[in-house]
Structures are given as structure tokens and as C-alpha cells.
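Ready for a few exercises on confidence and aromatic rings? Have a look at the model first, then work through the steps.

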Amino acid sequence: MASYLNRSSEQENISLLRNRKIYSWNSLIRKYPVNGFQDDNNGHQTDGGEGDLNKCLTVFDIISYGIGSTVGAGVFVSIGIAISSLAGPGTLLSFLFSAIACLISAFCYSEFSARIPASGSAYTFAYVSLGEYMGWFVGWNLTLEYAISASAVARGWVGYFSVIFSIFGVKAPQFIQGYQINDWININPIAPLIIVFCTIILVFGIKDSARFNMIITCINILTILFFIVLGSIYVKVENWTPFLPFGFDGVFNACSVVFFSYVGFDSVTTLAGEVKNPKRDLPIGVIGSLVIATSLYIGVTLVLSGMVSFSEVSQGSPLSDAFIHNGLDMKWAAMIIAFGTLTSLTASTLCCLIGQPRIYLQMAKDGLFFKKFGQLNKKQVPVFGILFTCGFASLLAIILDLDNLTNMISIGTLLAFNCVCAGVVVMRFRNEDGSENGPISSTRVLFDLFVVACVFGAASYNGWKIWVQISLAVVLLVLIVLLCFKKQTLDKSKCNYFLCPLVPVLPCLGIIINTYFIMHLDSASFIRMAIWTVVGTIVYFAYSIRNSKLNNEDNCDNVNYIN
């Protein structure tokens with residue numbers, strides 16, 4: 001009898017699901033319930049999926065991954081561009097301002113990652129707070145960003161061998177320089193080698209890859225400290241004058257370059273499912289890695305701009321060239337810097353390859369991506385996702401040169417930053433049943449804030465009249481004040497995890513700053529995002545919306561909350 005009743009109940013639930021419209025507005029905006037991430041026996045949260053990841057990472061591992069993902073091309077390449085042509089010694093201020101701007105988003109990431117420690121990072125945060133399609137949009141674009149980032153770093157890794165050859169006055173072989181086909185395609189057969197190497201490390205498991213990353217990150221930090229200590233001996237104070245050769249306009253222009261040196265800390269949050277104590281360690285890891293990276297950037301800027309006049313700083317290999325073309329002829333020091341750069345770019349490649357498979361994993365667990373990506377091996381490693389990422393990134397690294405790859409990076413990451421900042425605000429105002437108090441929803445105000453911020457960024461980029469920019473700034477301020485008057489429903493006394501301070505002001509400032517940088521990107525970035533989003537939308541409506549975990553009968557009781 002009980003068996004009959006169970007079968008009858010199952011058939012009733014299936015019938016109910018068939019009667020529900022899958023292709024509906026409610027399906028697009030339904031939100032994954034926070035209580036879908038249940039506490040395990042150790043007090044940590046899990047998404048309840050089959051085959052959980054190996055929880056073995058400590059706060060030191062997280063900081064190591066954070067430093068590895070941020071302190072790479074920024075300190076060894078971008079810093080030269082900023083000092084020589086944009087801000088001079090004032091690049092120090094550019095790094096400081098960019099760090100503050102990035103720290104705002106880091107606070108928001110820290111709250112979400114502590115509250116919902118799942119491997120999906122910004123994808124999961126957007127799914128919970130803004131709805132299924134926004135979560136899909138963020139996850140789909142982030143996976144491309146991580147693949148492109150790994151490809152770009154791989155190209156930079158190969159390119160730095162040319163620097164090693166140049167130290168000895170020898171031209172690099174053609175297979176290292178690549179074979180130029182046209183403006184877009186430059187065939188480089190050895191670029192994928194570092195991607196394949198890092199993939200092998202990742203397949204061994206997160207514990208082994210964490211040890212490897214810790215070693216090369218330590219080498220990276222020692223290389224930078226070597227430059228700071230040895231280079232400070234040859235600093236000439238007169239090189240710091242003028243401190244702002246291009247004025248404050250140059251400082252803010254340099255912010256657009258050096259800001260992306262910090263982008264990468266968000267990949268740390270994709271490791272949430274593998275951290276022993278995510279509520280404590282993730283916020284410390286995210287914020288701690290940013291503080292350390294900023295300190296290193298400022299130290300290198302001071303020494304480099306003191307060793308060499310800003311106008312003579314090399315844009316391609318500024319740190320190693322400072323010991324060669326500055327009347328020093330210290331090739332041994334330049335070689336140490338060059339090899340240290342290779343280890344740094346290796347760490348960056350490893351960290352870029354970590355994020356994409358874990359976002360695929362979480363999307364597959366949620367039913368939004370193909371089940372194969374949700375499978376783990378005996379070592380609790382998403383091998384299929386890692387191998388797929390390796391193949392995708394290797395293909396891009398073979399055919400596209402560094403300039404074209406770097407121009408495609410960042411817009412997806414910045415949009416993810418915006419969604420996380422907005423999500424923190426939305427979650428502070430949401431009741432347990434999914435409703436909000438007051439006549440105006442926070443999502444509507446945040447959408448208006450984003451639109452006005454886009455116009456404000458475009459006004460700044462195109463040099464519109466100052467009164468127009470001031471008017472837009474006033475509108476932004478009014479929208480923030482409007483959110484400040486809404487009543488927050490989160491009971492902070494019951495929260496045993498990190499909370500972003502000054503909500504909603506700080507997250508709203510984060511949205512404005514991130515949008516400002518988005519509107520200063522080139523048109524190719526928007527075209528790439530539009531094409532990739534169209535492809536992703538087709539996949540979503542063809543597969544994801546039909547296989548979403550929220551379609552299952554287990555969630556029938558949560559229909560009101562989810563929608």
C-alpha cells in the first residue's frame with residue numbers, strides 16, 4: 001500500500017512539473033534558495049550534490065592562490081606601460097586607487113563566499129540573488145574570461161623567452177616569436193606547453209596543485225623582493241621629480257591599466273568547495289591577497305621609477321631591463337628577474353585554469369550544464385572539465401597573439417563584479433519568502449543605477465560637457481540615498497560569517513566604479529561579449545532551462561520562494 005501511494009505521489013509530482021511552463025518569465029528569474037546549501041557534519045556548507053570536492057585547503061593556500069592569480073603580468077609588464085606613458089612615479093597612486101576600488105568588490109565577494117561557500121563563485125552568487133538567467137549569464141561569460149586569461153598568460157610566458165634571449169643580445173627563434181598570418185592570427189606552436197603542464201598538475205588533485213602553487217608563489221614573491229632590495233641601492237631620488245609628470249589625469253588614466261592587475265582574486269572563490277573553513281578563510285584569503293599584492297606593486301613602482309627616469313622605463317620587460325640599460329650591465333640580476341617572471345606567469349596560468357572547471361562543475365550540479373562536467377574522479381577532481389578547459393585555452397593560445405587576447409579580457413569579469421555587488425544589496429533587503437519591504441524593489445533601483453553609471457562612464461570616455469557629468473553624478477547619488485532609506489531584513493546578530501561593511505553604499509560604489517571601467521573598454525570587447533552571450537543564450541534555452549535542478553519535484557515545495 002505504501003509503495004502504491006509513493007508511486008502515485010511521484011506520478012502526481014511529475015504531472016505537476018509537466019503542467020508548469022518551463023519557458024516562462026518565472027523560470028528566468030527563479031532563484032536558487034540559500035537553504036539549498038546545507039551544513040555538513042563539520043558545520044560547513046555543501047550543495048548536497050553527489051561527489052563533493054576535497055575540503056583540504058587552508059587560509060595560506062587561499063592567499064597563495066590569490067597572490068598567484070593577481071601578481072603576474074601586472075608587476076612584470078603593465079607597470080612599465082603605466083610609468084612610462086601614463087603616470088610616471090605617480091603610478092604608485094594609481095595602484096593605490098585601483099586597490100581601493102577592487103577592495104570594494106572583494107568585500108562583496110567575501111560576504112557571499114562566506115555565506116554560500118560553493119565552487120560556482122559569482123555564478124552561484126548571481127543565481128541565488130538575481131535569478132537563474134543572470135546566474136547563467138555570469139557563469140557563461142566567466143568561463144570564457146578564464147580561458148582567455150590562461151591563453152593570454154601562456155602567450156606572455158612564451159614571449160618572455162624572447163627577453164631572455166635579448167639579455168644576451170641574441171634574437172629569439174621564429175617558433176618562439178610565432179608565425180604572423182594576419183592581424184588576428186599568429187601561430188605559436190609552443191604556447192600551449194605551459195597550459196598542458198599546469199593541467200597535469202591540476203589533474204593530480206587540489207592538494208598537490210596547492211603545494212606546487214605555494215612553491216612557485218614563494219619564488220615569485222622572493223623575485224619581487226630581490227628586485228626591491230637590490231634595486232633600492234641604485235635609486236636616484238631625482239628620478240621621482242616630477243612625481244606627477246602627466247598630472248592627476250595621468251594617474252586616473254593609469255588606473256584603467258593597472259586596475260586589471262588586480263583582476264583574478266575572484267578566481268579564489270571558485271575554491272570555496274575545497275576550503276576546510278570557508279566562512280573564516282575565504283574572506284581572509286581574498287582581502288589578504290589584495291593587501292599583499294598592493295604592497296608589492298607599490299614597492300616595485302617606487303624602486304623602478306627611482307632607478308630609471310619614467311620616460312626611459314621599458315614597456316615590454318621593465319624590471320629586467322632596469323638592470324641592463326641603466327648603465328649597470330647586471331645581466332645576472334636581469335636573468336634572475338626573467339626566470340622569476342616565468343615562474344610568476346606559471347602561477348597565473350595555473351590559477352586561471354582552476355576557475356573554469358569549477359564553475360562548469362557547479363553549473364552541471366545545478367542542471368544548467370552538461371552532466372559530464374559535474375563528474376569527479378576518485379581524487380575528487382573534475383577531470384573532464386579540466387581537460388576541456390586545457391583544450392579550449394590551448395587552441396586560443398596557438399592561434400591568437402597576446403595583444404588580441406588581452407583586448408578580449410575583463411568585460412565579463414567586471415560584469416561579474418557588478419552582479420556580486422548588486423547581489424549583496426538585494427540579499428540584505430530580501431525577506432525569507434523572497435519578498436521585499438517597500439513599494440520599490442532594490443533590483444529596480446540597482447538596474448537604474450547601472451544604466452545611469454553606463455551613461456556616466458560613456459560621458460567621461462567621450463569627454464562630454466562637465467555639467468552633464470555632474471548631473472549624472474547627482475542622479476547616482478540620489479539612487480544610493482534611496483536605497484539607504486530601505487529597511488534591511490538581515491539580522492546581523494545571527495550571522496556568523498563576514499559581512500560587507502556600509503551596505504548599500506559600498507556595493508553601489510563598486511557598481512559605479514566597475515561600470516566606469518567597462519565603458520572605457522574598446523568596442524571589440526562588447527562585440528565579443530555580445531556574440532558569446534548569444535551563443536550562451538541558445539545553449540540556455542535549448543538545454544539549461546529544461547534541465548534545471550529547480551524543475552525537479554524536490555523543489556515543488558519551494559516554488560513560491562524560488563520564483
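Predicted model: local features only at pLDDT ≥ 70, side-chain atom pairs only at ≥ 80, totals over all residues.

Residues are numbered from 1 along each chain as its sequence is written, and side-chain values use heavy atoms, leaving out hydrogens and water.

**Exercise 1.** Find where confidence is lowest and highest in the protein chain.

*Solution.* Start with pLDDT, the predictor's confidence in each residue, from 0 to 100. The protein chain averages 85, and 90% of the residues score at least 70. Now go by element: helix α22 (residues 559-562) is lowest at a mean of 40, while helix α19 (residues 466-484) is highest at 96. Helices here are DSSP runs (H or I, at least four residues), numbered from the N terminus.

**Exercise 2.** Classify the ring pair Tyr360 and Phe369.

*Solution.* Rings of Phe, Tyr and Trp (its six-membered ring) pair if their centres lie within 6.5 Å; planes under 30 degrees apart are stacked, over 60 edge-to-face, the rest tilted. The centres of Tyr360 and Phe369 are 4.9 Å apart and the planes sit at 5 degrees, so this pair is stacked.

**Exercise 3.** Do likewise for Tyr516 and Phe517.

*Solution.* With 5.9 Å centre to centre and 80 degrees between the planes, Tyr516 and Phe517 are edge-to-face. Next, accessibility: buried means under 20% relative accessible area, exposed over 50%, partly exposed in between (1.4 Å probe, protein chains only). Tyr516 is partly exposed at 25%, whereas Phe517 is buried at 6%.

Note on methods:
Helix = DSSP H or I, 4+ residues; strand = E, 2+ residues; numbered from the N terminus.
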